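Visitor: I would like to learn how to read the features of a structure such as this one. Could you take me through them step by step?

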Amino acid sequence: MSIVRSTLLVALGGAVGAGARWSISETFGSNAGRFPWSTFVVNVVGCALIGLATRRLDRGSDAWYGVVTGVLGGFTTFSAFAVETRALLVGGHISIAVVYVVASCAVGIGAVELGRRPAPAP
């Protein structure tokens with residue numbers, strides 16, 4: 001696969017994922033001093049979908065670049081997680097920040113594992 005093709009797949013997928021994440025954040029509104037539900041939900045859903053994708057897609061394939069690296073990479077967001085955690089800490093909401101970090105990591109890892117599990121037979 002050419003680097004140009006891979007780059008285009010990642011860029012197009014990233015635009016879709018980032019747009020979806022922005023839409024969800026706008027729907028949930030501001031999180032100032034509160035638990036950042038929009039980023040938490042986006043990251044957990046993204047983790048579950050990445051878990052599913054790693055089980056179903058071949059690493060290095062067009063689908064991998066477009067879906068995993070592009071869409072899901074653009075959808076999930078560590079940078080927003082870091083900024084929101086810092087804002088909670090600076091704002092004196094230490095207990096909320098700790099719950100957010102622990103829950104994001106634990107639930108995110110659990111979501112990846114759930115996404116990797118085969119679906120039950122009908």
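**Reading the model**

Guide: Phe40 has its place in helix H2, where helices (H or I, at least four residues) and strands (E, at least two) are DSSP runs numbered from the N terminus. This is a predicted model, in which local features need pLDDT of at least 70 and side-chain atom pairs count only at pLDDT 80 or more, while totals for chains, interfaces and linings use all residues. Residues are numbered from 1 along each chain as its sequence is written, and side-chain values use heavy atoms, with hydrogens and water left out.

Visitor: Is Phe40 buried or exposed?

Guide: The general idea is a set of cut-offs on relative accessible area: buried means under 20%, exposed means over 50%, and partly exposed lies in between (1.4 Å probe, protein chains only). Phe40 has a relative accessible area of 12% and is therefore buried. Its C-alpha atom is separated by 25 Å from that of Leu57, which is 17 residues apart from Phe40 along the chain.

Visitor: How should I read a pocket, and which residues line the largest pocket?

Guide: Rolling a probe the size of a water molecule over the atoms shows where empty space is left. On a 1 Å grid over the protein atoms alone, a pocket is an open set of points where a 1.4 Å probe fits, with protein on both sides within 12 Å along at least five of seven lines, and lining residues have an atom within 4 Å of a point. The largest pocket holds about 190 Å³ of space, a volume being the space filled by probe spheres set on the points, which are joined across faces, edges and corners. The lining of the largest pocket consists of Thr39, Phe40, Asn43, Val44, Cys47, Thr77, Phe78, Phe81, Ser104, Cys105 and Gly108. Two or more lining residues come from each of H2, helix H4 (78-90) and helix H5 (94-116), and H2 gives the most, with five residues.

Visitor: What is the lining of the largest pocket like by class?

Guide: The lining has six nonpolar, five polar and no charged residues, where Ala, Val, Leu, Ile, Met, Phe, Trp, Tyr, Cys and Pro count as nonpolar, Asp, Glu, Lys and Arg as charged, and the others, Gly among them, as polar. One of the lining residues, Thr77, is found in the loop between H3 and H4 and counts as buried because its relative accessibility is 8%.

Visitor: How many salt bridges are there by the rule?

Guide: A salt bridge is a side-chain nitrogen of Lys or Arg within 4 Å of a carboxyl oxygen of Asp or Glu, and by this rule the count comes to two. In one of them, the side chains of Asp62 and Arg5 meet at 2.3 Å, N to O. This pair links distant parts of the chain, with Asp62 in helix H3 (residues 62-75) and Arg5 in helix H1 (residues 3-28), 57 residues apart. Asp62 is partly exposed, with a relative accessible area of 27%, and Arg5 is also partly exposed, at 45%. Glu113 forms a salt bridge with Arg117, the closest N and O atoms being 3.8 Å apart, and Glu113 is partly exposed at 41%.

Visitor: Where does Ser6 lie?

Guide: Ser6 lies in helix H1 and is buried, given its relative accessibility of 8%. Ser6 and Gly60 are 54 residues apart in sequence, and their C-alpha atoms are 8.9 Å apart in space.
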